[in-house]
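Please look through the structure below with the strands, the metal site and the pocket in mind. The paragraphs after it take these topics in turn.

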Amino acid sequence: MYLERERAVAIEAVTEACCLCRNVQNRIAGPLTVAKLDASPVTVADFGSQALIISRLRTIFPNDTIIGEEEASLLRREDQQPLKNEVVSLVQLFETDLTEEMILNAIDYGARSGDFRQRYWTLDPIDGTKGFLRGDQYAVALALVEDGQPVLGVLGCPNLPEDDKHSGRGKGMLFIAVKDRGAVMRPLNGGCEQIAHVDSVTDPSNARFCDSVEAAHVAHDQHAKIAGILGISTPAYHIDSQCKYAVVAGGDASIYLRLTPPGYYSCIWDHAAGVAVIREAGGNVTDVYGRTLDFSLGRRLFKNVGVVATNGHLHAAVIAAVQQIL
Ligand code: AMP
Ligand code: MG
């Protein structure tokens, strides 16, 4: 089957990384956080997750390019030894054979460049670090891209569903999609796969729309205006990370809106896995002008502005509403 091995390896790697992230989120209290140079927070779990996933991918696909969000220069600094030791012991809880140098090299492997028009993997080891630190939603997102488009996406969502009281399965979901093979979801700790499919809402006023929690990432006021134009009266579902793609793919929301600040180009790892999952779940993803997202241009989506993801039925209406306020 097309990408069978890649799919299996990606699932194993993301599942293990989700366990590592949970281990940290359960005991996080502040000192495990450091600021990156761009002032976004990064935790031992971001580094640990990237080390685990890249080590595994490199063992099995040694020739593949892997583009990850993090790099290890901070951990190699003299004054950051406690942080480095924390990362190394965390990773070794899961992969005892990995030495400190192997761990740092695996993290740095994700910072190398490559030909983005060829096959490559892209990884967000923790998407939504701010949500992770708040104890809210986050995702481990891994995708394989071919010819500038995601062909495999695995999204680990350790804190979904939000309301697990009635599911009896507890929290932790995995969303998996392979091009032209559909999307499935299943509990993170194993169990049955279910088909993931977008909802069938066709009247925009009945749509539930979701967007970011963080006001610095998106234009909430513009989102509210667009919702108003569409006749949506229920408040937005604010949820961190690519969990937004997951809730649309699973039918828990119909629209994901992302109007980014002027001049901001989104990172490929923030969208590639989610795009694969929504497309295969029957939905549609474009930028705010209705253009296909182009993952062939480098580490960012340099030719796109923002994101609109929908169940497909509502796509044209949402794009039209967005044009009214742009
Ligand atoms: P979300 O939880 O959907 O807001 O997504 C988190 C992602 O937003 C992070 O992984 C960042 O890469 C991305 N991000 C950070 N700063 C900005 C910004 N100023 N505008 C848009 N996205 C951002
Ligand atoms: Mg991210």
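Buried here means under 20% relative accessible area, exposed means over 50%, and partly exposed lies in between, with a 1.4 Å probe and protein chains only. Helices (H or I, at least four residues) and strands (E, at least two) are DSSP runs numbered from the N terminus. The model is predicted: local features need pLDDT of at least 70, side-chain atom pairs count only at pLDDT 80 or more, and totals for chains, interfaces and linings use all residues. Residues are numbered from 1 along each chain as its sequence is written, chains are lettered from A and ligands numbered from 1 in the order in which they are written, and side-chain values use heavy atoms, with hydrogens and water left out.

Which strands does E14 pair with? Two strands pair if DSSP finds at least two bridges between them. Val-308 of E14 is the bridge partner of Leu-257 and also of Thr-286. Arg-258, in turn, has Val-307 of E14 as its bridge partner. These pairings belong to an open sheet of five strands with mixed pairing, in the order E11-E10-E12-E14-E13. E11 and E13 are the edge strands, and each pairs on one side only.

The metal site comes next. The magnesium ion (ligand 2) is coordinated by Asp-124 (OD), Asp-127 (OD) and Asp-270 (OD), at 2.0 to 2.4 Å. Donors are N, O and S atoms within 2.8 Å of the metal (3.2 Å for Na, K and Ca); water is not among the atoms, so sites may look incomplete. Along the chain, the donors of this magnesium ion follow the spacing D-x2-D-x142-D. Asp-127 lies in strand E4 (residues 120–127) and Asp-270 in the loop between E12 and helix H8 (272–280), so this pair ties together parts that are 143 residues apart in sequence. Both Asp-127 and Asp-270 are buried.

Helix H8 is mostly covered, with eight of its nine residues buried. Among these buried residues are Ala-272, Val-275, Ile-278 and Glu-280. Gly-282 follows H8 and has a positive phi, near 100 degrees.

The other sheet is an open one of seven strands, in the order E3-E4-E5-E6-E7-E8-E9, with mixed pairing. Strand E3 (65–68) and strand E9 (194–195) stand at its edges with a single partner strand each, so one side of each has no neighbour in the sheet. E8 and E9 run antiparallel and are joined by two bridges; the bridge partner of Val-184 in E9 is Ile-195.

Where does the second largest pocket lie? Domain 1 (4–195) and domain 2 (204–324) both give residues to its lining, so the second largest pocket lies between them. The domain bounds come from an automatic or database domain assignment. A pocket is an open set of points on a 1 Å grid over the protein atoms alone, where a 1.4 Å probe fits and protein lies on both sides within 12 Å along at least five of seven lines; lining residues have an atom within 4 Å of a point. The second largest pocket holds about 370 Å³ of space. Its lining has 19 residues, and Leu-160, Pro-161, Glu-162, Met-173 and Asp-252 lie nearest its centre. Strand E7 (173–178), strand E8 (182–187) and helix H7 (243–249) each supply at least two residues of this lining.

Some backbone angles remain. Most residues other than glycine have a negative phi, and most peptide bonds are trans. The peptide bond from Leu-160 to Pro-161 is cis, with omega near -5 degrees, and Pro-161 lies in the loop between strand E6 (149–157) and E7. Asp-180, in the loop between E7 and E8, has a positive phi near 65 degrees. Ser-241, in the loop between strand E11 (237–238) and H7, also has a positive phi, near 70 degrees. Are these two residues buried or exposed? Asp-180 counts as exposed because its relative accessibility is 64%, whereas Ser-241, at 10%, counts as buried.

Methods:
Grid points are joined across faces, edges and corners, and a volume is the space filled by probe spheres set on the points.
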